[in-house]
Amino acid sequence: MDRIGEIIESEIKGPSVFVDESKLYPEYVPEKLPHREEQIRQLSRLFKPLILQPGSTSVKALLAGPIGSGKTVTSIVFGTEFSRLAEVKGVKVKYVHINCSKSANPASIFREVKNQLGLSIPDRGLSATELINSILRMLNRDDIYVIVALDEFDYFLKSAKPDERYLVIRFYDVFESYVKRLSFIYIIRGTPAYISSLVDEMTGSYLMKNMVIFEPYKAKELYDILRDRVELAFYPGVVSDEVIEYISQLIGVDTGGDGNARKALAVLHAAGKLAEKEISEGKSARVTINHVRAVFMQEYPSLVNVLDTLYYLPLHELLIFKAIAVALLRSGEDYVPIGYVEKIYRELCDELREKPRGHTKVYTYVYDLKNRGLIMTKTSLKGRRGRSTYIGFGMVPLENLIEKLDKLIRERRLVR
Ligand code: ADP
Ligand code: MG
């Protein structure tokens with residue numbers, strides 16, 4: 001039925017690149033979570049007692065990692081699926097998800113718990129303690145267990161008073177009870193070292209006991225995440241594997257990016273929007289690497305930083321950088337072989353009557369540019385034999401960049 005609705009709607013809207021744009025929204029919760037199986041496994045092990053011996057313990061888990069590493073979505077998917085399984089096994093477990101940037105004290109946190117559980121407790125005039133006691137009574141009455149996920153918990157840690165922290169983190173030391181109805185997932189952005197700087201003696205060891213770590217995503221991992229989303233959100237054939245690979249390389253933590261899946265999805269989405277805009281100009285409905293570059297430039301104006309960096313590079317490294325830009329522009333490819341870059345570099349040197357640097361030096365400069373995050377490299381393209389190095393770009397427009405480079409090169413030669 002949904003599909004039919006989509007067809008009718010797409011005909012009414014006119015040609016589009018998107019089947020269902022909402023699958024790219026940050027709040028969309030996907031069914032599959034590639035590369036978070038290990039985190040789900042750890043959470044399952046920690047929360048197992050809720051199903052095997054309900055009420056015996058109050059589980060506490062801490063999810064830690066940088067922005068866009070999938071903490072929120074993993075918690076939601078785990079919580080939802082765990083409750084479903086518990087129900088099958090005859091235990092009532094409910095999952096509630098609370099954002100502490102909006103609810104940063106115990107009273108507002110537990111008001112949210114109450115609301116999301118749909119408990120009819122009038123909260124006006126109740127202190128946090130009274131509210132919590134009412135909630136616990138109702139959970140006992142209805143025999144319900146609750147996993148409370150406290151997202152963006154760093155907000156709470158920064159703003160809460162010591163006794164409020166104590167209450168939320170050492171809950172059953174305050175609300176002593178034989179049957180433990182509440183368990184917690186604390187979600188904090190940052191590394192373990194940073195997190196331990198936020199906590200105190202009374203709560204730190206409690207919070208950090210069961211830590212589930214989320215690393216920033218590698219390019220290959222982002223590729224899998226994006227591919228799933230492309231299938232759901234775009235018409236077939238609109239987004240090629242090369243485009244997905246390109247975005248993954250821009251953002252992968254192992255290829256010079258910050259490994260943020262949210263950013264990767266946002267770039268994909270915005271590139272799709274650009275492609276869609278061009279349909280009205282008579283272009284075919286395809287997302288290209290140029291769209292991705294344009295988006296990346298707009299959204300993440302790294303060109304400014306790039307130019308700052310370039311300012312300090314030696315002349316011949318600048319020339320090689322220019323050679324890469326020229327090679328990409330001339331070939332119209334997204335990646336060019338290093339041999340081709342070297343050839344153009346020699347041409348540029350000829351024009352300027354500069355003595356070209358040797359082969360080894362060229363490679364050294366290329367790797368320096370890569371380390372500075374100015375270019376991307378990969379070894380041997382799919383379908384070709386032999387391991388040779390290919391070079392691509394993190395930003396564009398190339399013409400614009402070449403213009404700036406020419407200016408810098410001129411200046412650099414003048415001051416010598
Ligand atoms: P965090 O909470 O760590 O900042 P999120 O959970 O909000 O990160 O993830 C950012 C975006 O990336 C969300 O849109 C989310 O759906 C998506 N995402 C993150 N990890 C995955 C994954 N493993 N599979 C599919 N989508 C993911
Ligand atoms: Mg989050």
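Predicted model: local features only at pLDDT ≥ 70, side-chain atom pairs only at ≥ 80, totals over all residues.
Is Ser248 buried or exposed? With a relative accessibility of 2%, Ser248 counts as buried, where buried means under 20% relative accessible area, exposed means over 50%, and partly exposed lies in between (1.4 Å probe, protein chains only).

Residues are numbered from 1 along each chain as its sequence is written, chains are lettered from A and ligands numbered from 1 in the order in which they are written, and side-chain values use heavy atoms, with hydrogens and water left out.

**Figure 1. The whole chain, for orientation.** The protein chain holds 19 helices and eight strands; helices (H or I, at least four residues) and strands (E, at least two) are DSSP runs, numbered from the N terminus. Its C-alpha trace spans about 85 × 55 × 40 Å along the principal axes. Of the 416 residues in the protein chain, 49% count as buried. Among contacts with a separation of 6 or more, 71% come from residues 24 or more positions apart, a contact being heavy atoms within 4.5 Å. The accessible surface of the protein chain is about 21100 Å², and carbon and sulfur atoms supply 52% of that surface; such areas come from the Shrake-Rupley method with a 1.4 Å probe, and for residues only the protein chains shown count as cover.

**Figure 2. The parallel sheet.** Follow the order β2-β3-β4-β1-β5 and you will trace an open sheet of five strands with parallel pairing. Its edge strands, β2 (93-99) and β5 (211-213), each pair on one side only. On average, neighbouring strands of this sheet are turned by 20 degrees against each other, direction ignored; the axes behind that angle are lines fitted to C-alpha atoms, for helices over the stretch in contact, and angles run from 0 to 180 degrees between N-to-C directions. Two strands pair if DSSP finds at least two bridges between them. Strand β1 (residues 60-65) runs parallel to β4 (residues 182-189), with six bridges joining them, and here Leu63 sits opposite Ile187 of β4. Five of the seven residues of β2 are buried.

Figure 3. All five residues of β8 (residues 389-393) are buried. Thr389, Ile391 and Phe393 point one way, and Tyr390 and Gly392 point the other way. In a regular strand the side chains alternate between the two faces of the sheet. Strand β6 (residues 335-337) pairs with β8 in the antiparallel sense over three bridges, and Val336 stands opposite Ile391. Strand β7 (residues 375-379) also runs antiparallel to β8, joined by five bridges, among them one that makes Tyr390 the partner of Lys378.

**Figure 4. The surroundings of ligand 1.** Which residues are closest to ligand 1? They are Gly68, Lys71, Thr72, Tyr217 and Arg262, out of 21 residues that surround the ligand, each with a heavy atom within 4 Å of it. Look for oxygen atoms of ligand 1 at 2.7 Å from a polar backbone atom of Gly68, at 3.1 Å from one of Ser69, and at 2.8 Å from an N or O atom in the side chain of Thr72. The protein covers 96% of the 560 Å² of accessible area that ligand 1 has on its own.

Figure 5. Ser248 belongs to helix α12 (residues 241-251). Beyond its neighbours within four places in sequence, Ser248 contacts Ala219, Leu222, Tyr223, Leu226 and Thr255. Phe296 lies in helix α14 (residues 289-299) and counts as buried at 10% relative accessibility. Phe296 and Lys263 are 33 residues apart in sequence, and their C-alpha atoms are 9.8 Å apart in space.

**Figure 6. Two loop residues with positive phi.** Most residues other than glycine have a negative phi. Glu152, in the loop between β3 (145-151) and α6 (153-159), has a positive phi near 50 degrees. Arg353, in the loop between α17 (338-352) and α18 (359-371), also has a positive phi near 50 degrees. Arg353 is exposed, with a relative accessible area of 78%.

Key:
Polar contact = N/O pair within 3.5 Å; in protein donor to acceptor, adjacent residues only side chain to side chain.
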